[in-house]
Amino acid sequence: MTLVIDAHTHILSLAADAEFTAEYGREGSLCIYRSMGLLPSHREPTEHEWDDCGFSRKGFPVIGPEESLRDHPGFDKIVILAVSPQFLDGELIGTVDSFGITGVEGESHPERCNEYIGAIARAQPERFIGFASVNPLYRGVRKAVEELELAVTRYGCTGVKLYPMYQHWRPDDRELAFPIYDAARSMGIPVMIHQAGSTRIDARMEYGRPALLDDVGREFRDLRVIIAHCGIPWIEEAMFMLTKHPNFYADLSYHIATISREDLYRYLLRAEPFFVPLEKLFFGTDYPGFLYDPVALRTKLMTVNEDAERLGTPPIAQAKLDGIMGGNFAAVLGLE
Ligand SMILES: [Zn+2]
């Protein structure tokens, strides 16, 4: 039996201020609601219209480990990704535990994001895999490396997630970024990196391209790099990075939610002729984001061969689908 793993999820809150978190979520989701016809496209939605969509300022659901497990029935393991501190519009954001869910003592602060993620992973190591996060522009790269070392050696994180395009640094910057990859390599942990677009207005698309990881792959040949979201909207570019660099992988989160099941099937069918082994892909959702229901997305992946049958084209081997569903990630992280 191969493991069933969601390789890309978030947990807890993104900012201490619930109202700011709601605003932030609204900004990133506006296009989704509009594209579904749930919000007007040519003017700002009213407060009432937002409420009707479920994006109320009050009562934004808090996701702790219990809620995450509840929403992942049938999953063996869930990767929880920290968000490192950054200033956005004057507000400090990053993973916080505003409700004291993790048992980490002291005032809740984004600087402690890795403590929160590590505490959840340590409390249920058979269910949660904690990825730390560091931002070299927050307190400098030396502090970021120290923090990453603490996250792994003391807090119990077993990977790191990086967000260059949100935090406005180049992922191939030799001074700002390379020391982080170097630390990850020497500790033997994988690096997941948001080399993809974002619907956040403040995010810098020019730092999001998957090809910016080429120097990283050339310099750090044994570092395991996971390109988040299949590099959307640079899907082909990300695929090419996977074919070029032996230790590069990609997770399906976000991308999988934006395409039909048939297009998902076609994406998988095209991978191997493009010289990308399907063993390099990991199932992921970006839960608890809107439309990122783990059960529905798992079903979407596991039933792609219904489209193959309907179209009269070759199916994706069941063993390969099982691998994407968790076996591949487990193998790369040495979980099996
Ligand atoms: Zn994410």
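This text walks through the fold, from the whole chain down to single residues.

The model is a predicted one: local features need pLDDT of at least 70, side-chain atom pairs count only at pLDDT 80 or more, and totals for chains, interfaces and linings use all residues. Residues are numbered from 1 along each chain as its sequence is written.

Start with the whole chain. The protein chain has 15 helices and 10 strands. Helices (H or I, at least four residues) and strands (E, at least two) are DSSP runs, numbered from the N terminus. The C-alpha atoms fill a box of roughly 55 × 50 × 40 Å, taken along the principal axes. The radius of gyration is 19 Å, which agrees with the value near 20 Å that a compact globule of 336 residues would have. This radius is taken over C-alpha atoms, and the globule rule is 2.2 Å times the number of residues to the power 0.38.

Next, look at burial. Of the 336 residues, 45% are buried. A residue is buried if 20 or more other C-beta atoms lie within 10 Å of its own, exposed if 12 or fewer, and partly exposed in between; C-beta atoms are placed from the backbone. Contacts tell a related story. Two residues are in contact if their C-beta atoms, placed from the backbone, lie within 7 Å. Among contacts with a separation of 6 or more, 72% join residues 24 or more positions apart.

Now find the sheet. It is open, has 8 strands and pairs in parallel, in the order β1-β2-β5-β6-β7-β8-β9-β10. Strands β1 (5–9) and β10 (281–282) stand at the edges; each has a single partner strand, so one side of each lacks a neighbour in the sheet. Two strands pair if DSSP finds at least two bridges between them.

Move to strand β5, residues 128–133. Here 6 of 6 residues are buried. Phe-128, Gly-130 and Ala-132 point one way, while Ile-129, Phe-131 and Ser-133 point the other. Strand β2 (residues 77–81) joins β5 through 4 bridges, running parallel. In this pair, Ile-80 stands opposite Gly-130. Strands β5 and β6 also pair in the parallel sense, over 3 bridges. There, Phe-131 stands opposite Gly-159. One step on, 3 bridges join β6 (residues 159–162) to the parallel strand β7 (residues 191–193). Val-160 has Val-191 of β7 as its bridge partner.

A nonpolar core is a set of buried Ala, Val, Leu, Ile, Met, Phe, Trp, Tyr and Cys residues joined through C-beta atoms within 7 Å. The largest one has 92 residues, and Ile-80, Ile-117, Phe-131, Ala-132, Ile-180 and Ile-227 touch the most other members. Beyond four places in sequence, Ile-117 touches residues including Ile-80, Phe-131 and Ala-132. In soluble globular proteins, nonpolar side chains tend to be buried together.

Follow the sheet on to β8 and β9. They pair in the parallel sense over 3 bridges. Ile-226 has Tyr-249 of β9 as its bridge partner. In β9, Phe-248 and Ala-250 point one way, Tyr-249 and Asp-251 the other, and all are buried. Strand β9 then joins β10 through 2 bridges, again parallel. Asp-251 stands opposite Phe-282 of β10.

Together, β8, α10 and β9 make a right-handed β-α-β unit. Right-handed means that, with the strands pointing away from the viewer, the path from the first strand over the helix to the second runs clockwise. In α10, the buried residues are Ala-238, Met-239, Met-241 and Leu-242. They fall within an arc of 155° seen down the axis, so they line one face of α10. The arc is that of the directions from the helix axis to the C-beta atoms. These residues pack against β8 (225–227), β9 (248–251) and α12.

Helix α12 spans residues 261–271, with Leu-264, Tyr-265, Leu-268 and Ala-271 buried. Their arc is 125°, so they too line one face of the helix. Their cover includes α10, α11, α13 and α14.

End at one residue, Ile-256 in helix α11 (residues 255–258). Why does Ile-256 count as buried? Because it has 24 C-beta neighbours inside 10 Å. Beyond four places in sequence, Ile-256 touches Leu-264, Leu-297, Lys-300 and Leu-301.
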